[in-house]
Amino acid sequence: MQPTNVVREAVMAPSLAAKTSRIGLVVGVIGMVLAVLLGMLEGDHMRHFYWAYLVAFSFMFTLTLGGLFFVLIQHVTGARWSVSVRRMGEFAMNTVPLLAVMALPLLYPLFTHAGVEEFGGLLWPWIHPHGEHAALVEFKSPFLNVGFFLARSTFYLLAWWIVTRFFLKKSVQQDQDQSEAHTVTMRKLSAPSIILFALTISFASFDWIMSTDPTWFSTIFGVYIFGGAFLAINALLVISAYYLRTRNVMTEQITTEHYHDLGKFMTAFTVFWAYIAFSQFMLIWYANIPEETVWFQHRVTEAWSPWSYGLVFTNFVIPFFGFLSRWTKRNPKVLMFWAAYTLVVHWVDIYWLIMPNMDAETVPFSLVEITTALGAFGFFVWAYSRQATKHSLLAYGDPNLERCLGHVNY
Amino acid sequence: MSNSEKLHGVLGEFESVDQILAAAEMVKNSGYTKWDCYTPLPVHGLDAAMGVKETRLPWVVLIAGITGGALGLLMQYWMNGIDYKMIISGKPMNSLPASIPVVFETTVLFASIAAFLSMWIFNGLPKWFNPLARMERFARATDDRFFVALSAKDPNFDVKTSSALLESCGASAVEFVEEPDEPAAVPTSIKATMATVAMLALIPLALIMSERGAIKKQPRLHLVPDMDFQEKFRAQSVSGLFADGRAARPQIAGTFALEDDALVGKDPGFYTGKVDGEYLTEAPIAYSDAILARGEERYGISCAPCHGGDANGKGPVHNRAVELGSPMWIQPTDLHSEHLTIQPIGQLFESISVGVRNMPGYAKTVSAKDRWAIAHYLQSIQSTVDTGPVDPNADPGIAAGKLVYMSKACMACHTTDGSPLLAPSFKGLFGSERELEGGTTITADEAYIKDSLLNPTAKLAKGFQPLMPPAVLTDQEFADLITFLKSLAD
């Protein structure tokens, strides 16, 4: 059943890509403008808005980094099945410039805390340590200070930008010259890139997300974010593939087998997420050391407890049984549903990670969250799909294309 | 061709993947059900071409996985919550988070074992013999040829049409496969070897069982010593871990044991057995079968080692001391003694709590409720002992003095029947001439007895060790004791 005569040519859908990115941009602008207005109406010095923005930013960050890891893992393993969906992963990772721009508003909370002194700052309380835990936070100031924080953040973005640029450029170049040498180069460089990826995603998670509660610490936190990121990118790829399929694009290249494999990744990483989340929880719960337990105490004893217990079902039990059947994974329409579901609950997960640090007593969920999430996702869709106006949707120069198209799951 | 009864089927050889796929398609369409394909490599699409049904294995695995998870949960619930309750890390007995790792493991264990075994069953394994393996041509099924074998058991099978079908599919060779005349017997050497191995495999098991279970005079072999002898600090031993070199930690300054001091004030009767200096005659915990059972159990754990299961003062510790001939050993109190049977329950409770003479207090190791349960239990077994009729004409002082004799533990060393134990018998003692250590003699009058109670070793009776501790009696107790001694002088 190996396809004998694969046509190696670009799959271009510029008008569809332009239209999609335009919709993304419109949703992004409207969402963000509305979010800012709603945030101003709250009269809390934009505190709620900034926290919601950090959630949206982190959600975007996991999509971009998920894309990077997806591409790196295909290269490092010499994967053949994934050639037809890899280019979309490359588009997803090549949104680092957008991520950098989206990070700019976060400079404001770094330097201002007028009106929010009682919280120690708009977002990161370590900027102006105060209150009963001031000494604890003060102790961490050699690491958690504005200068070093900015330097680290710049380094992460720069590193990601260089790596993602390189891998996209090589892949596009291969479309032109069809040289196998690019595959070898990318395979060699993907291994050190994965090490860089592991360190940067961990530390970026520590810096941007975990330090919203600077007294709390969990070494597995970066792995937790990574698990969610990889889950999210697979969901995004399934949604994208299905979106293209309904427009009659890439229908030959992305077969049932590829949906099946992406579905398997989602199944596996749904379990992985639960595994990591539970590992983090159980060690802290068992040891019961106050400075660690307090983080979960905020989440399981107060207003957040329905969210915390709900997460076990929405992010593990329900999708696990949803994904379990082979039939689900080989049915693009059904898989598309579960992918969209996964993306939504992934956002809920990030919301649950961050927001109790703003307010442990109440769940501040409102339109601000929805509009910032839609805004950030809109911008992401814009940057993601815009690339398809210039590049082929298929990495048609990849020497493994035949193997990919003839790939069969047993 | 031999006769068709011995025919196993017909085998067709094909040279390429495309040929076998086409052949499989044709055989399937011809309505055959008992047939199979043999290929040297996994051929994509062969299952579909053959019309092989989707396997039921995933359902078996799913059910086994869920069963495993549920059993894992149930097992821990029963062990930790019902059968062997132990507080671990201050968590509730049944802690779901603590159970999850084991639930995960049992789920995977059941699912994978079910997958493995079901795969064998669904594939009809183990299959010791297949007539196809005797075909010379068939060896190439592991190399570069593809085969279709139609079974003679198939209802559509026919010697002529079946072989013709394979030929029409493009088989490069078609051969009939015969069943062997006699099923080959397993060689005796293999049978013998297997039996021997099975027997030998039991030896280590038997050795382990004998080492672990049998009664032995020599110390057992301990392959994993730290499972048998846990490293730990004993109460009074030396430890380098702490600066003061003690293994047992002294009470921290400024703290107090919860039950003894903090709660006593709230309910002195319950925690001391006394209210305003008067012993309670009614236990604050009502007598019930459950309390009695609890008391019996706690008595067995905390009291029976010395006082004995029958409470006659002859527990295993006592028996061991007698066996070793310990010269200093004093028998634990017989709990059926008269002076105890007339004690109010509050006094029994106090004795258990704070201790009596050599017996330590159990307030720190046995909860107040359990101590009351033990007291209840003691009274229930004491009441079964007949204390005999009371002589109404006897001097009440004698009975009172006897109680002093018993409750102050004189009776541990001094008998009343004339036989000396660790000390002279009280029989005929009062008013007699006593020979002392050092050669002098003295009359055992009130003054001498008073002296001896306060300073027992000063005027030691000849032939006895200086063992007796000073005894402090009230004047009334002393008078009663003298009355009692006088009654024995006759």
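Predicted model: local features only at pLDDT ≥ 70, side-chain atom pairs only at ≥ 80, totals over all residues.

Me: Into which domains is chain B divided, and how many Å separate the centres of domain 1 and domain 3 of chain B?
Reply: Chain B has domain 1 at residues 1-181, domain 2 at 256-387 and domain 3 at 395-490. Taken over C-alpha atoms, the centres of domain 1 and domain 3 of chain B are separated by 94 Å.

Me: Why do the buried residues of helix α5 of chain B line one face of the helix?
Reply: Helix α5 of chain B covers residues 159-168, and its buried residues are B:S162, B:S163, B:L165 and B:L166. Looking down the axis of α5(B), these buried residues line one face because they fall within an arc of 150 degrees.

Me: What covers the buried residues of α5(B)?
Reply: The buried residues in question are B:S162, B:S163, B:L165 and B:L166. The elements of chain B that cover them include β1 (7-14), α1 (17-29), β3 (146-151) and β4 (173-178).

Me: Where is B:K6, and which residues is B:K6 in contact with, leaving aside neighbours within four places in sequence?
Reply: B:K6 lies in the segment before β1 of chain B and is partly exposed, at 34% relative accessibility. B:K6 and B:E179 are 173 residues apart along the chain, yet their C-alpha atoms are separated by 5.3 Å. Leaving aside neighbours within four places in sequence, the contacts of B:K6 are B:E178, B:E179 and B:D181.

Me: How many disulfides does a search of the whole structure find, and how far is the sulfur of B:C306 from the closest cysteine sulfur?
Reply: A disulfide is a covalent bond between the sulfur atoms of two cysteines. The search over all chains finds 0 disulfides. For B:C306, the closest cysteine sulfur is in B:C303, and the two are too far apart for a bond, at 9.1 Å.

Me: Is B:C410 buried or exposed?
Reply: A residue counts as buried when its relative accessible area is under 20%. The relative accessible area of B:C410 is 15%, so B:C410 is buried.

Me: How many residues of chain B are in contact with chain A, and which three residues supply 46% of the area that chain B buries against chain A?
Reply: The contact involves 13 residues of chain B and 14 residues of chain A. About 1,200 Å² is buried between the two chains, and carbon and sulfur atoms give 73% of this area. On the side of chain B, the three residues that supply 46%, more than any other three, are B:H44, B:K91 and B:P97.

Me: Which two residues does a cis peptide bond join, and where is B:P126?
Reply: The cis peptide bond is between B:L125 and B:P126, with omega at about -5 degrees. B:P126 is in the loop between α4 (96-122) and β3 of chain B.

Me: Is B:D276 buried or exposed, and what is the phi of B:D276?
Reply: B:D276 lies in the loop between β5 (274-275) and β6 (278-279) of chain B. Its relative accessible area is 80%, so B:D276 is exposed. B:D276 is a residue other than glycine with a positive phi, near 55 degrees.

Me: Which side chain does a polar contact join to that of B:S432?
Reply: B:S432 is in the loop between α16 (396-407) and β9 (433-435) of chain B, and at 18% relative accessibility B:S432 is buried. Not counting residues up to four places away in sequence, B:S432 touches B:I442, B:T443 and B:A444. The polar contact, of 3.2 Å, joins the side chain of B:S432 to that of B:R434.

Me: How many Å apart in space are B:L436 and B:F464?
Reply: B:L436 lies in the loop between β9 and β10 (441-443) of chain B and is buried, at 6% relative accessibility. In sequence, B:L436 and B:F464 are 28 residues apart. In space, from C-alpha to C-alpha, the two are apart by 9.5 Å.

Notes:
Residues numbered from 1 in each chain as written. Chains lettered and ligands numbered in written order. Heavy atoms only, no water. Domains from an automatic or database assignment. Buried < 20%, exposed > 50% of the residue type's maximum accessible area, 1.4 Å probe, protein only. Arc of directions from axis to C-beta. Contact = heavy atoms within 4.5 Å. Disulfide = S-S within 2.5 Å. Buried area = accessible area lost by both parts, 1.4 Å probe. Polar contact = N/O pair within 3.5 Å; in protein donor to acceptor, adjacent residues only side chain to side chain.
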